[in-house]
Amino acid sequence: MIVDDPSKKELRPVLTIKDAASYLQRSTKTIRNRIKAGEIRSYKEGQEHRIRREWLLEYEQSLIESTN
């Protein structure tokens, strides 16, 4: 996947729930619910969820495609 949007290039390779919520302009509770539902992929590092940048961008793309 080629990312031409400069705002996406600023995303770190691994994000916290708070980072993902900020990027998607949603609450951390919403992001946790999406993770629990399996809509956003994540892994746990200790007790905290981590989301790889490409997983978040895949989720965002799926949202865009579902509206078309």
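Start with helices H2 and H3, which are roughly perpendicular to each other. They count as such because the range for that label is 65 to 115 degrees, and their packing angle is about 105 degrees. The model is predicted.

**Stop 1: H2 against H3.** Select residues 17–24 for H2 and 28–36 for H3. Their axes lie 8 Å apart. Now show side chains. From H2, Ile17, Lys18, Ala20, Ala21 and Leu24 make the contact. Thr28, Ile31, Arg32 and Ile35 meet them from H3. Colour this contact by class: six residues are nonpolar, one is polar and two are charged.

**Stop 2: Ile35.** Stay on H3 and centre on Ile35. Leaving aside residues up to four places away in sequence, Ile35 touches Ile17, Ile40, Ser42, His49 and Ile51.

**Stop 3: the core.** Ile35 also belongs to the largest nonpolar core, a set of 15 residues. Select Tyr23, Leu24, Ile31, Ile35, Ile40, Ile51 and Leu56, the members that touch the most others. H2, H3 and H4 each supply at least two core residues. Which helix gives the most to this core? H2 does, with five residues.

**Stop 4: the sheet.** Switch to cartoon view. Three strands form an open, antiparallel sheet, ordered E1-E3-E2. Next, select 48–52 for E3, which pairs with E2 over three bridges. Zoom in on Tyr43, which stands opposite Arg50 in E3.

**Stop 5: H4.** Finish with residues 53–66, helix H4. H4 lies across E1, E2 and E3, and runs at about 75 degrees to E3.

How values were computed
Residues are numbered from 1 along each chain as its sequence is written. This is a predicted model: local features need pLDDT of at least 70, side-chain atom pairs count only at pLDDT 80 or more; totals for chains, interfaces and linings use all residues. Side-chain values use heavy atoms; hydrogens and water are left out. Axes are lines fitted to C-alpha atoms, for helices over the stretch in contact, and angles run from 0 to 180 degrees between N-to-C directions. Helices (H or I, at least four residues) and strands (E, at least two) are DSSP runs, numbered from the N terminus. Angles under 35 degrees count as roughly parallel, over 145 as roughly antiparallel, 65 to 115 as roughly perpendicular and the rest as oblique. Contact means heavy atoms within 4.5 Å. Ala, Val, Leu, Ile, Met, Phe, Trp, Tyr, Cys and Pro count as nonpolar, Asp, Glu, Lys and Arg as charged, and the others, Gly among them, as polar. Two strands pair if DSSP finds at least two bridges between them. A nonpolar core is a set of buried Ala, Val, Leu, Ile, Met, Phe, Trp, Tyr and Cys residues joined through side-chain atoms within 4.5 Å. Buried means under 20% relative accessible area, exposed over 50%, partly exposed in between (1.4 Å probe, protein chains only).
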